[in-house]
Amino acid sequence: MTDIPARAAHASASSGSALLTLMKLRTFIALIAVLVFFSIAAPNFLSAANLILMAKHVALNAFLAMGMTFVIITGGIDLSVGSIVGLCGMVAGYLVLNGIDLQIGYTIYFNVVEIALITLAVGILIGAVNGLLITRLNVAPFIATLGVLYVARGLALLSSDGRTFPNLVGKPELGTTGFGFLGAGRLVGLPVSIWILIVVALGAAYLARYTPLGRHIFAVGGNERAARISGVRVNMVKMFVYMFSGFCAAIVGLIISSELMASHPATGESFELNAIAAAVLGGTSMSGGRGTIGGTIVGAFVIGILSDGLVMMGVSSFWQMVIKGLVIIVAVVVDQAQRRLQQRVTLMQMAKAG
Amino acid sequence: MNTVLSQDVILKLEDVSKVSAGTVAVKQANFEVRKGAVNVLVGENGAGKSTLMKIIAGVEQPTAGRILLDGNEVSFSSSGDAVNRGIGMVFQELNLFGNMTVAENIFATREITNRFGKIDRKEQERRAGEFLDRLEAGTRPDMLVEDLRIGQQQLVEIAKAVSLDARILIMDEPTSALSASEVEILFKVIADLKARGVAIVYISHRLEELIRIGDYITVLRDGRITGQEEMRHVDTQWIVRQMIGSDAKDFAKADDHVPGEEIFRAEDICLPRATGGLAVDHVSLSLRAGEILGIYGLMGAGRSELFDCIMGRHGHASGKIFIDGKHIRERDTTRRIRRGLALIPEDRQREGLVSILSVASNLTLASLSRFVRLFHIRGGDERQAVTEMVRELSIKVADPAQEVSSLSGGNQQKVVIGKALLTGPKVLLMDEPSRGIDVGAKADVFRTMRKLSRDGLGILFATSDLDEVMALSDRIAVMSNGKLTGMFDRAEATEAAIVAASALGHGPALARLAPEHGEQR
């Protein structure tokens, strides 16, 4: 009598762990599924030109999602990234066109590298403002970054009075040419923006796995009090993740301006939501402590390929939104189911171990 | 045992046991509750009092045994069940909604509504007012609970239980936050309830209270009931004896190493309480290398707060600390750990572990800089340190990559200890290191403490277990109400003297009792 339930428990434990493995790979499975589906349903989907174009689209969201992933792992949220994209694009565009007027009859023009560095610095600075609000003034991350969202967007609009900075070709005599390289240039057959994505992603993944800072990011999200008592500088960790998120947003701002050779102050609106979606789809837990850079990148690809593929199939953009929403919801539901299953399997393994 | 008429017994527990998270919290308890009387329950922290009461109140279900109410067997699947049968409970940790008014709290889940289902706020407040007046709580029913002093909140909690019109009313440490005059009023209310035939179960650490209002006393130790008597037949000596017992636990033997030079000194540590007063009140102590200094005290005596101050967790604490005679000016935890301090916190789940990380990541969390070259964690070095620590502390884990939450309580505690040891501390602060872990793990922890002291670490450990403090310490400090009220060498320490010192400042009655205690021993 006692034998039967025990054996049943054993059987369900092993089938449980098989199911668990499947669930853990769900984002990857979803990626393969959308790839297979669209390569059948949409003509030209698998052509090299289309794949590269899609990768460029996905890259933009992937940058933001990586920054977002670290923020979410610490238990926070960064709603300001879309606005930082817009503001940083405007900064870059302004510097290319106007330089900085010193008010004493001189105007400094920067070369493209300097402009890129200044723009990145602006993004990091806004991230630092988020971080300071959250760590020093104890503002909830949702509210702090929501406030910065509006401030940054407002500043972007103010910078040009709401107009676009067009035609960012630059002037050879001022040394401001070459801004288009980021968006249109290629190295070894791949767009520059993809190379940048690869570098930043590898860096972020390395940071998460092999550095004390990465370990501390997870510890802060898993249990902030325990982390503090263990000597983790919680405030510094939080400052870093928001600054990194700002840095990623600045990269996106640069790339978009460079691709369009123009800066528009409304660029990046609602990008933060796509970034959160990619992170969550990639297995990042909104309650903190869990998430991977690799998962987030895959998540960004699933979302990006889904929307590009649906466009190619001619599905209306309204339906696209519905489908995207459903995918996100399903992802989270599966995530919860996985947690429960995981706990049950662990309990069974413990019971078996005695 | 005694000659009480059995018809007085309203509730009876027969051979009730409770196993939770691998430890036995209550072992085959037989407990009788008599109506029209105050049934007192005492025992040290962790003896199982609260668990036993939660079983009666339906909050937890017994693993084995029967509950008889009025002679009929009952089982409560929830606290609502128990309330319906006339059992109310005042919880030790206040179960109140801070964002609601006093009246709303008292009538939570039993809202008074009119015909249309709308809450009748006026009527609720009127009735709540009556209960509050009986307790002379000095609060208005329309005040928000979070705006009340903690003592007043406790009165609200009591009013809530009284309003249930329960036949059995359980009070778990109802006076822990009350002032002397509030306690008097509560006792009047209890006498009133008693006269109306209500059975009261009263739990407290304050012996003088128990002797004053108790009719029957039951003593719990390590989940077992060790004594049951009518109160008029017992004295404090009897209670203390039953609480402490004489059966030895497995404490590792002391060796005869002689402590070295002073390694740590705290001077004049003060920590203001949010509600006024001092949680740590001008505490100074010193510790020698290789010495184990036990800090004994009841709940709320300020032991954990003292440790927090030493670790630099409270920016507004004052006082100085010295390691190896050098003044530690760093005020933050990170740098104090670097100077050789490490804390093993009392609450493993909330402060000790990051439960979703692996055993290995938890172990090295505080000492990552040891394994880092430039900014790269050298995996090999880290793994080696983890393996060594797992072996040294005999942590039972198949694979250190396992999540730490899958371990048993004892092994989790060892992980917390291992994490502290990997930082290479000179002074180890251990807050209730044996709480909530099984006997085998306890013995391991004690053995580790001995070994560390032999290696020259200074160990400060806080406990509310008398056996532990007596068996492990080279010296014993006693805290009460934030103050250091006693410092004994092991040779001269007696249990009675320690208990007496731990009750100092807990109201005048016990303070008078205290010296008499010491003499009788």
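These numbered points describe a predicted model, from its domains and sheet to its helices and chain contact.

1. Conventions. Residues are numbered from 1 along each chain as its sequence is written, and chains are lettered from A and ligands numbered from 1 in the order in which they are written. In this predicted model, local features need pLDDT of at least 70 and side-chain atom pairs count only at pLDDT 80 or more, while totals for chains, interfaces and linings use all residues.

2. Domains of chain B. Domain 1 covers 6–244 and domain 2 covers 262–351 + 426–520; such bounds come from an automatic or database domain assignment. The C-alpha centres of the two domains of chain B are 31 Å apart.

3. A sheet in chain B. Six strands form an open sheet with mixed pairing, in the order 6-7-8-3-9-10. Strands (E, at least two residues) and helices (H or I, at least four) are DSSP runs numbered from the N terminus, and two strands pair if DSSP finds at least two bridges between them. Strand 6 (87–90) and strand 10 (224–230) of chain B are at the edges, each with a single partner strand, so one side of each has no neighbour in the sheet. On average, neighbouring strands of this sheet are turned by 15° against each other, direction ignored.

4. Strand 9 (residues 216–221) and strand 10 of chain B are antiparallel and share 6 bridges. Within this pair, B:Val219 is opposite B:Gly227 of strand 10 of chain B.

5. Helices on the sheet. Helix 1 (residues 49–56) of chain B lies across strands 3, 6, 7, 8 and 9 of chain B, at about 155° to strand 7. Helix 6 (residues 180–195) of chain B also packs on the sheet, touching strands 3, 7 and 8, and its direction makes about 145° with that of strand 8 of chain B. Axes are lines fitted to C-alpha atoms, for helices over the stretch in contact, and angles run from 0 to 180 degrees between N-to-C directions.

6. A hairpin in chain B. Strand 4 (residues 64–69) and strand 5 (residues 72–74) of chain B pair in the antiparallel sense over 3 bridges, and B:Leu68 has B:Glu73 as its bridge partner. The hairpin has 2 residues between its strands, and B:Asp70 in the turn has a positive phi of about 50°.

7. Contact between chains. In all, 24 residues of chain B are in contact (C-beta atoms, placed from the backbone, within 7 Å) with 20 residues of chain A. Helix 10 (333–338), helix 11 (348–352) and strand 18 (376–377) of chain B each supply at least two residues of the chain B side.

8. B:Arg447 is found in helix 15 (residues 439–454) of chain B. B:Arg447 and B:Ile211 are 236 residues apart in sequence and 38 Å apart in space, C-alpha to C-alpha.

9. Helix 11 of chain A. The 27 residues of this helix (residues 234–260) should span 39 Å, and its end C-alpha atoms are 40 Å apart, which agrees. The expected span is 1.5 Å times one less than the number of residues. Of its 27 residues, 21 are buried (20 or more other C-beta atoms within 10 Å of the residue's own, placed from the backbone). Just after this helix, A:Met261 takes a positive phi of about 55°.

10. A helix pair in chain A. The axes of helix 8 (residues 192–210) and helix 13 (residues 293–313) of chain A come within 9 Å and cross at roughly 145°. Helix 8 of chain A contributes A:Ala201, A:Ala204, A:Ala205 and A:Ala208 to the contact, and helix 13 of chain A contributes A:Ile293, A:Gly294 and A:Ile297.

Terms used: Contact = placed C-beta atoms within 7 Å. Buried ≥ 20, exposed ≤ 12 C-beta atoms within 10 Å, placed from the backbone.
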